[in-house]
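Please open the model in your viewer and keep the selection panel at hand.

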Amino acid sequence: VLTVAVAASVAVAFADSSIVVLALPDLYGAFNTSIVGVSWVITSYNVVVAVAAAAIAGLSRRLDVRRWAQVGLALFTAGSIGCAASWSLPALIVFRCVQGLGAAFLLATSVSLLGGLVGSRERGIALWTNVAVRGAALGPVLGGVLTQLFDWRAIFIVQAPVAGVALLATTGAATIPREERARRRQGALAADVALGFVFAALVGALFLAVLLVITVWGLEPIAGALVVSALPAATIAARPLGRGLRLVEAVAGGVLLLAAGLASLALLPRVSNLLVAVSLAFCGLGIGLAVPVLTRVALHQDAGLVRSGAITVSARHAGLVLALALVAPLLTSSLDHAGQRALLGGTKEILDANVPLRKKVPIALALRDALQSAKKGEVPDLRKPFDDAGAGSNEDVRHARDSLITTLESALARGFRSAFALSALFALLALVPALTLRKRPA
Amino acid sequence: VRRLAVLLGLAVCFLVVELALGAIHFGEPKLADPCTSKPAFSGGGLDGEVQRFALSGLNGAACKLHTTREELVLSFVPAAGTKRVRWDRQTIEDALRSGFDQALHDTEQRGVAGFVIGHILEAVVGAPLDYFLG
């Protein structure tokens with residue numbers, strides 16, 4: 001029970017990097033903020049984890065693992081409750097920072113803690129690696145389901161008891177001896193740099209793909225979560241594929257599959273959830289091949305596990321932060337252009353629509369009103385004016401509606417192209433440090 | 001290693017299929033050249049004639065202003081948030097009048113019926129246009 005509780009809290013802490021992605025439109029509307037403002041709900045957490053974990057790495061030999069894991073869990077629980085009760089965007093960001101600080105302590109110490117709980121450092125590393133990969137990959141899916149079934153606050157309400165139970169459970173855990181000074185394994189730094197780039201690339205798969213299918217293509221969070229679940233499913237399916245591969249083969253193959261999946265998201269030829277799911281499946285296979293192998297190099301059992309754990313956690317979240325810092329402005333700028341193209345394309349569809357003037361003029365005026373009166377963060381319902389004009393029974397009106405929606409969705413999807421391409425580039429950059437790793441069985 | 005090679009091969013094939021399905025031009029609005037294109041509207045009756053006449057007039061005005069008819073239409077809708085109107089009022093007015101004169105000329109080329117229809121359309125479309133241009 002203790003092991004499961006700690007492992008679950010580690011998975012939740014990793015999932016937290018991306019779990020609020022599907023709730024961003026709700027947060028955007030709830031707090032009446034800007035895109036940059038709401039993006040800090042994700043960025044703040046990852047920045048604090050990256051910085052705090054780097055600081056913990058320097059203090060690793062002075063830390064009492066069990067005590068600091070408890071401090072981490074307590075902070076994470078308090079931060080989660082604070083997030084759920086947030087009354088404003090600044091309050092939510094502050095509590096996300098508290099969560100991030102708790103997550104940094106929890107994630108850095110949990111490798112060693114799990115090793116002590118399962119009785120073997122090797123098995124502890126394997127368990128930590130598994131829950132880390134699955135937690136990160138499942139984040140958006142969990143967030144989507146909770147947001148649609150309840151509310152964005154449910155995301156944080158659910159996390160608090162998971163961390164709270166782990167906190168109570170660790171009070172009965174045996175004390176873990178403090179770490180001796182130990183040199184990190186050769187290649188650990190290269191593995192951490194590669195992991196940083198892989199997690200930077202994950203911004204494309206975990207964040208951008210979710211925004212595309214939910215915000216632009218209008219899928220409900222659960223339906224969007226179903227499409228995105230291709231990624232964690234493929235991540236789990238990739239595990240047997242890695243057996244028998246040399247380290248460099250597994251990492252290079254995984255990184256190339258991840259880059260190919262992101263490139264195929266950049267090159268979508270139509271509005272299709274199936275194509276997105278297939279692309280994400282390639283990303284998931286790549287993650288499932290590369291991340292566990294790189295993690296095992298970064299966290300070798302002979303090295304100091306708290307220090308290694310802290311460094312690898314810091315590297316992953318630094319990669320996420322770097323990518324968010326570069327991708328967010330690129331996406332904002334691309335979507336501005338895409339919005340202009342969408343308006344031009346939409347205007348063409350309305351002008352050329354084979355619909356009589358007595359229907360066309362009211363439709364055009366209602367579309368204008370829908371665009372003007374849309375609340376912040378809310379995609380206006382552009383189907384309604386057509387439905388009110390008889391799209392259900394009139395094929396011409398229905399065709400005009402479908403043409404307009406497809407034109408707008410296609411133009412906006414094209415706006416994601418450069419951000420997906422940048423994410424694919426991050427994946428390819430992971431090849432550079434990965435290729436310096438010695439050839440050994442994965 | 002063979003399974004990994006097959007997966008990588010599948011990923012490359014998937015990218016090729018996407019390119020073959022038109023990925024390069026996906027999401028680009030296909031805006032016609034207003035100087036050479038005819039209205040795509042295919043409806044019949046008086047409604048069809050009115051819409052073709054109005055679209056033809058817009059094409060002529062957009063051609064004169066070296067823009068597209070879509071940009072021209074959106075330039076009159078501040079809420080659209082598109083580029084600011086790049087032309088002064090007199091230039092737009094001249095372009096629209098010239099566009100509709102050209103549309104009238106094109107309609108008149110269709111014989112006696114076209115001549116009659118053209119002048120009716122000029123009255124139908126001209127009144128709201130005069131109102132619109134003030």
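Select A:Arg414 first: in this predicted model, this residue is buried, with a relative accessible area of 17%. That value counts as buried because the cut-off is under 20%. The side chains of B:Glu28 and A:Arg414 form a salt bridge, at 3.2 Å from N to O. This pair crosses between chains: B:Glu28 sits in the loop between helix 1 and helix 2 of chain B, and A:Arg414 belongs to helix 16 (residues 395–414) of chain A.

Next, select B:Arg69 and A:Asp352. Their side chains meet in a salt bridge, with 2.8 Å between N and O. B:Arg69 lies in helix 3 of chain B and A:Asp352 in helix 13 (residues 305–352) of chain A, so this pair also joins two chains. Are B:Arg69 and A:Asp352 buried or exposed? Both residues are buried.

Now display the whole contact between the two chains. Chain B contributes 42 residues and chain A contributes 44 residues. Together the chains bury about 3,500 Å², of which 71% is on carbon and sulfur atoms. Two salt bridges are found across this interface, and nine residue pairs are in polar contact. On the side of chain B that touches chain A, the elements giving two or more residues are helix 1 (2–20), helix 2 (45–64) and helix 3 (69–74) of chain B. Helix 1 of chain B provides the largest share, 10 residues. By type, the residues of this side of chain B comprise 25 nonpolar, eight polar and nine charged.

Select helix 2 of chain B. This helix has 20 residues and spans 29 Å from its first C-alpha to its last, close to the 28 Å expected. Its buried residues include B:Val50, B:Phe53, B:Leu55 and B:Leu58. After the helix comes B:His66, whose phi is positive, near 55 degrees.

Finally, turn to A:Lys384 and A:Asp388, whose side chains meet in a salt bridge at 3.0 Å, N to O. Both lie in helix 15 (residues 384–388) of chain A, four residues apart, about one turn of the helix. An α-helix has 3.6 residues a turn, so residues three or four places apart point the same way. A:Lys384 is partly exposed, with a relative accessible area of 46%, whereas A:Asp388 is exposed, at 56%.

Key. Residues numbered from 1 in each chain as written. Chains lettered and ligands numbered in written order. Predicted model: local features only at pLDDT ≥ 70, side-chain atom pairs only at ≥ 80, totals over all residues. Heavy atoms only, no water. Contact = heavy atoms within 4.5 Å. Buried area = accessible area lost by both parts, 1.4 Å probe. Salt bridge = Lys/Arg side-chain N within 4 Å of Asp/Glu carboxyl O. Polar contact = N/O pair within 3.5 Å; in protein donor to acceptor, adjacent residues only side chain to side chain. Nonpolar A, V, L, I, M, F, W, Y, C, P; charged D, E, K, R; others polar. Expected span 1.5 Å × (residues − 1). Buried < 20%, exposed > 50% of the residue type's maximum accessible area, 1.4 Å probe, protein only.
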